[in-house]
Amino acid sequence: MFAPLGLFKDIPCPEGQSCSLLTCMFSHKDLTPIDDSQNITSAVIHSSTTKHGNAASFGNSAHTMSAAADTNEREPKILKRDPPPAPSKAAGSGPNASAKSSPAPQPLVPSQPVKLQSLSRRVSPPPKPASTAVKTNAPTPAKPPPRQAPRESLNPRMLTKAPAPHGTRLSILTKLHAAMSAQNEKIAKDKDSKDKWLVLTPNELITMALDEEEKTARGNPSIYANVIKLRIVRFLKMTKEEWTTEVKNHLNERYYKIDPNAEQSRPQGFTTGLSAEAEIALASQLVTPVEGLEQFGYVTKAPSAAEIESAKKGVAESKGWEKCDRCGGRFQVFPGRREDGSLTSGGECVHHPGKPFYPPRRQTDHITGHKEAYYSCCNETLGTSSGCTRGKTHVYKVSETKRLASVLQFTETPAQPFKGPLPPVCFDCEMGYTTLGLELIRLTAVSWPHSKPLLDVLVRPMGEVLDLNSRFSGVFPEHYTKAMPYDGFQKEPEATPHENDEAEEPTLKVVDSPAAARALLFSHLQPDTPLIGHAIDNDLNACRIIHPTIIDTVMLYPHPRGLPNRMSLKTLCRRHLDRDIQTGGSLGHDSKEDAIATGDLVRVKAVETWKVLKSKGWQIQGDKLVPPPGTEKAETGSSAGRLGPGAGHKRTNASLGP
C-alpha cells in the first residue's frame, strides 16, 4: 500500500463542507474560509524529535501543510483537538492584529499547535436529533418540521429470505422509483400547489421506494412480484390527491406524526349562481323515472299479503341457513340465540373487505400479458388467498322485496295537505348486519339546496346485531352507549372541545325502530317532494319506503356500461366537485357528509340543465320554470322537455339489453 497523504491534495473533496475528517486527503481550497474573527483550534502533531534533529517550520497554507505531511509520513501522528479558547475583546486591535495578518513561523515541537487544512473551512451545525422532530406539532404547508432522509443507494435492502433474485428486485425497484419520481415532479412543477412541502428530495424518494419494496417483500413474499407490479401501476395512475396522501402516510411513518387529513380544509360551500327558488324549480327536470327498473332494486309497489306469507314460509323451511355476504360460505342463523348463546354457526369469517379490481385491457397485452385482477384492500391477486380480514361471525343480506316486506312492510309516502309544498330533501342511510339481514342503523336528512340539517338519528334494528359494519357505516357500539333517546326535538349536534383542543364526536339521538325513523323522515316529505340520494334504492329499501318523486345521482351520472354497474359517490365527488369524501379510513363513512355531497352533485346537474334550457328560451319566474312562448303546455312536464336523468336513463336502458 502507498501512503495516500499528498497524492490527492489537488482533488476537491467529494463530501464538500459536510466532510468531518480531521486529516482529509482531498483538497478544500475552494471552500469558503472561516472569518478572521472566529478562533478555531488547531490540531497537534507529535513527531519524534530524536529522529529529526531539526524542527521544521510551517505556515497556515495548504501547500506548507502537505509538505509537513510528506516530511513526517514515516512517523506516527497523533491528532488532538484542543478546546476552543475564550474570545478576546482585543482580538481586532493592538499588536495581535498585526500578528494575525502575517503570522510568524513556529517550530514543530511536541504539543505545539499547527493549523490543519481540514479545519480551515466552515463547520455546519450538527443535525437536530430525531426526538426533536417528534416533539414538534403537526406540520403546516407554510412551515413543515425538518426531516433528514438517510443516504441510501437505489439498491434493494438485504433480507434474510429474499422473495426474488437480486436482479429482479433491482429492476422492480427502479421502475417503482421512476413512478414515484414522476408523481413527485408533478407536484414540484405545479406553481399554484399548496403542497410544496410534500415535494421529496432525491434521497427521500429513494428511501420511500426502498420502504415500499421492502414492505412488500416482507409482507407478501409468495406473491411479491404481482403485488409490487400492481403497486407500480397504481402509482402511475394516481391523481394528485392520492399521491399527496401516500406521501403524508410515508412521512408519518418515517419522520414525524402527520394526520393524513389534517391539511384537508373543510369543503367550501358549493355555489351555482342561481337562487334557491330557481334551483328548486329546476329539480322538477331532474326527477329519475324508475318504472321498469324493478329488476335493479327499485321498488314501485308494495308486496301483497300472499307474497309476504310465501316469503315467511320459505324462511321457515330453510331453518336459518344463509349465504355469507362476505365470504360466500353457507352458515346458519339463530335468532334469539342458540342454547350455547351463539347467533350464527360457521365460526370466523375470513374475507376480503375490498372489492376486486380488474385492470383494463390494453393493446399490448398479447406481448406483456394481461394484468391479473386483485383486491383493493390488500393488493392480493384474486384466488391466491381466502381473505385478509377476519370477522367474528358470518353475515348475510336480503335483497328479495317480498322477504324484506316480511320483516317490515313497505309504505308509500303519505300526503299531508295541511303542510303544503315542501322543499327537496337529501338523505342517506347506514346499514349494519343483524340476524334479520342488513338493517337500518342510522338515518340522516338535510334540506336541498341549502344542506341544512333536518334529521340525524341512530336506529335500533329489529334483529340481534351481528356486525355494525363499522368499516363502512361509521357506527360503533359506543355510539349507542352514549346516545340519548330521541325526544322529538332535533337539533344539530355540535362537537364539544376536548382537553387537547380536539373536537369530540357529537352525540346522536336514537330511535327504537326503523319504522320510527321512517315516520320522522315522512314528516319532511310530500309525495311530490323530490327525495335525493345516491343509489337511493338501497336507502329506500332499508327504510321500506316507496316514494314516487326521487332524484338518484346514479342515474344522473350513469356508468358507461349501464346498470347494474354504478359510479361510486366518492369518484363522482372527486370528478365533478373536486372534493374528497369518505376519507375516514377504518372510521367509516359519515352519512351527513354523503347526503350533502349527493345534493351538491344534483346542483351541478341543475346548472348544466339550466344552460341548455336557457339557450332554448326557457325562463324562471319566481319558483316556476316557464317554457318559451309557443311551446305546448303538455311539453313542460314531458320527457321531451326533461334533461339530465331522462337522457341518462335512455342511454342506460340502451346498454341493458333484453
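Reply: Start with the contacts of Phe-427. Leaving aside residues up to four places away in sequence, Phe-427 touches Thr-444, Ala-445, Leu-521, Leu-531, Ile-532, Gly-533, Ile-536, Asp-539, Leu-540, Cys-543 and Ala-595. Keep in mind that this is a predicted model.

Where does Phe-427 lie? Its place is in strand E12, residues 425-434. Is Phe-427 buried or exposed? Its relative accessibility is 1%. Buried means under 20%, so Phe-427 counts as buried.

Now look along the sequence. Phe-427 and Thr-598 are 171 residues apart there. In space, their C-alpha atoms are 8.6 Å apart. Contacts across the sequence also show up in the chain as a whole. Take the contacts with a separation of 6 or more: 68% of them join residues 24 or more positions apart.

Next comes helix H18, residues 591-615. H18 is among the elements that cover the buried residues of helix H8, residues 276-283. Strand E22 (550-552), strand E23 (619-621) and strand E24 (624-626) are also among them. Which residues of H8 are buried? They are Ala-276, Ala-278, Glu-279, Ala-281, Leu-282 and Ala-283. That is 6 of the 8 residues, so H8 is largely enclosed by the rest of the structure.

H18 has a part in covering helix H17 too. H17 spans residues 569-576, and its residues Leu-569, Leu-572 and Cys-573 are buried. Why do they sit on the same side of H17? They cover an arc of only 100° around the axis, and that puts them on the same side. The cover over these buried residues includes helix H16 (553-556) as well as H18. After H17 comes Asp-578, with a positive phi near 55°.

For another kind of packing, turn to helices H4 and H7. H4 covers residues 166-189, and H7 covers residues 240-254. Their axes are 10 Å apart and meet at an angle of about 110°. The two helices are therefore roughly perpendicular to each other. H4 brings Met-180, Gln-183, Asn-184 and Ile-187 to the contact. H7 brings Lys-240, Trp-243 and Thr-244. By type, the residues of this contact divide into 3 nonpolar, 3 polar and 1 charged.

Finally, step back to the whole chain. The chain has 658 residues, and 40% of them are buried. Its secondary structure comes to 19 helices and 24 strands.

Key. Residues numbered from 1 in each chain as written. Predicted model: local features only at pLDDT ≥ 70, side-chain atom pairs only at ≥ 80, totals over all residues. Heavy atoms only, no water. Axes fitted to C-alpha atoms, helices over the stretch in contact; angles between N-to-C directions. Helix = DSSP H or I, 4+ residues; strand = E, 2+ residues; numbered from the N terminus. Parallel < 35°, antiparallel > 145°, perpendicular 65-115°, else oblique. Contact = heavy atoms within 4.5 Å. Nonpolar A, V, L, I, M, F, W, Y, C, P; charged D, E, K, R; others polar. Buried < 20%, exposed > 50% of the residue type's maximum accessible area, 1.4 Å probe, protein only. Arc of directions from axis to C-beta.
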